[in-house]
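Q: I'm new to this one, could you walk me through it?

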Amino acid sequence: MLLHRYWGKNLHNYYGANCVQPVKRTFAAPYNQQNPLFSLEIESQEFSFPHQGDYREPSVSVRQQNGCTIGRMKYQYYEITDTLHIPEGLPHIRETEQKTAKTLAIHFLDTISNVKLILYYSIVEDSAVIIRSAQICNQGSQPVWVERAMSALVDTTYQKQQLITFYGTHQKEFQLNRQDIKHGIFSVGSTRGASSPQYPPFAAICTPETTEHSGEVHAFQLIYSGNHCVSVERNQYNHLRIAMGIHTEDFCWKLLPNETFQTPQAILIYSNEGLNGMSQEFHKLYIERLFSPQWAKKKRPILLNSWEMCYFDVSEQRMLNVIQQAAKLGFELVVLDDGWFGHRNNSKSSLGDWTVNAEKFPNGLTPLLKCAEENGIQFGIWFEPEMISPDSVLMETHTDWHMQINDYTPLLGRNQLVLDLTQQKVQNYIIETLSDFIKKYPVSYIKWDMNRHMTDPNSLYLSEDSKEEFFHRYMLGLYRILQELTMQFPDILFENCSSGGGRFDAGMSFYMPQTWCSDNTDALDRQIIQYGASYVFPPSAITAHVSAAPNHQTGRNIPFATRAAVASSANMGYELNILELSSEEKEQIITHLSEYKQKRELLFYGEFYRLCSPFTDNNCAWMIINQEKTYAIIYYFIREYAVSALSYILKIPYVDYQKVYVEKNTGRSFTGEELIYVGISISTLKGDFPVIVLEFNEKK
């Protein structure tokens, strides 16, 4: 049996110090009668099957044609290769020439059914990551059905660890949930057809004393964008089991003889330097090995999006004015959002008809591209390719192309239906339509949106015994589309969006290096959303816009300096009406854009650390520091004015202990040692929602 012994800080030697002596347990089923003390119920395993003496949640379940599940997997052999295991058709951690990698593949076989299980463990140089996945191969003569296939399972001992997950909703993504682990099973996940803002595919367990800056963390992230599940089980013997993978609800995959099923990759990260240490490992891994090499470390253009400025009311003349004015203010990219195609004036029509609206743009989009080029900026556009409107030419000509259950009227969400991406002809239509558009209108940026979750999950063309393959086949179809388009047009910057952060996950990030993490642009709410997202994603992957005041979502009037600081902490853009600005407002924007351009390199090449959590405090603070520890920016946001507060003390553990730093605004000098252990006093400011920006340079 393959048993789990240890996962944590790197060890030079291991002699089994943590192995517990077996004790006979009533009701335990010995795996081998010659060794009655050995039972799978009390052993820490690397995978588990149901009904084999282990009564915890299994990680693999395969049903035979006779209705029985298999389970007597016997070890065959292992292999170690100097490459990463690349799962076919799925996003994954990439190979890189600069650093080495190794993969351990452990092979098991059920000799009755001839079903093979391969567990993959990959490690990469200079990283505390383990990349896990599994493969199930039908080597028998009869079909089998995979009913559960987790990407990773970890068994350990309960030692008062706490569980960290995220919850949320539209406009309130990445809300932190940290809780004690009780007896029983706790799970989060999605059956919405997307990774969802409700429960994104992430979990971590940590010691109770773990903070942002210290303590042990074991973290899990799934490289997948569809239905998923993370379960945490604490049983009667205080064993702790964490499993992560494709959600088992409405999932069953038929494997014919000689066919293979591959699970998505799961990323496992260990840190003994607190939650910031965990985040640094995620950030580094994603920049070096997940994001497209074309974009991973490339500075992105500062964009102006038309949505909150125009909504559906776009036109040639208005956009020409926007482009000209945006160039004068210092923007580098103008994005034409929803409303430019078909006969779309609201959300009730035209999705799927990706032809330019002749009334709004009588000369097509060529004048806009030409105007952008003449003004020295780029031009981008919005698509929602996975959707179809009932009121569209596409629906009239292809009534069988959307998700639907025979004889039932499909439910609408945001007045639209979801295309059936399990059909290759639908995939081809999207690829060809967008390819033809890009060739005709060579845009430099595409915002890829998805504005509803799935209902009626069925294809008219899947066989009866393949219906429960629909959700995963949809994801494979989407990944094929994204792979072909991003390979065909590597110079286009694709931005991921799903009504904001509805599908902000590592799977989509493989194809698109940045994500619009929330439709909520309110700078107060965004502090929490971006703080949460930073647990896994670096600032370059999180797009944030300066929007109008009062804010369109909350009605709050937040000072420009605070709105600018929140957006500047991430991949920054704007979303407000620049055609109705006062002279003072124009000067504010010109100054802000100029300053951001000077500091943008820090955002893409520096390290991001959280300093003060808005989940537990009235304030919020984070820092970006360069690799050399010679320059740092700290953003300190005060959420509400506290009349009794005199000042706040902020400790900064991530500067260099031996250096001396000068704070730009005051000219005062501080040693790194002082900033780390004593902290710096930050005075309160009257009024709500202010920001204090500190800039530290090494003293020469």
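A: Two strands count as paired if DSSP finds at least two bridges between them, and strands (E, at least two residues) and helices (H or I, at least four) are DSSP runs numbered from the N terminus. This is a predicted model, in which local features need pLDDT of at least 70 and side-chain atom pairs count only at pLDDT 80 or more, while totals for chains, interfaces and linings use all residues. Residues are numbered from 1 along each chain as its sequence is written, and side-chain values use heavy atoms, with hydrogens and water left out.

Q: OK, which strands make up the closed barrel?
A: Eight strands form the closed barrel, in the order 17-18-19-22-23-24-25-26, and their pairing is parallel. From one strand to the next the twist averages 30 degrees, taking axes as lines fitted to C-alpha atoms (for helices over the stretch in contact) and angles from 0 to 180 degrees between N-to-C directions.

Q: And strand 26, is that buried or exposed?
A: Five of the five residues of strand 26 (residues 571-575) are buried, so the strand is largely enclosed by the rest of the structure; buried means under 20% relative accessible area, exposed over 50% and partly exposed in between, with a 1.4 Å probe and protein chains only.

Q: How many bridges join strand 25 to strand 26?
A: Five bridges join these parallel strands, and Ala544 stands opposite Met572 in strand 26. Strand 17 also pairs with strand 26 in the parallel sense, over two bridges, where Leu303 stands opposite Gly573.
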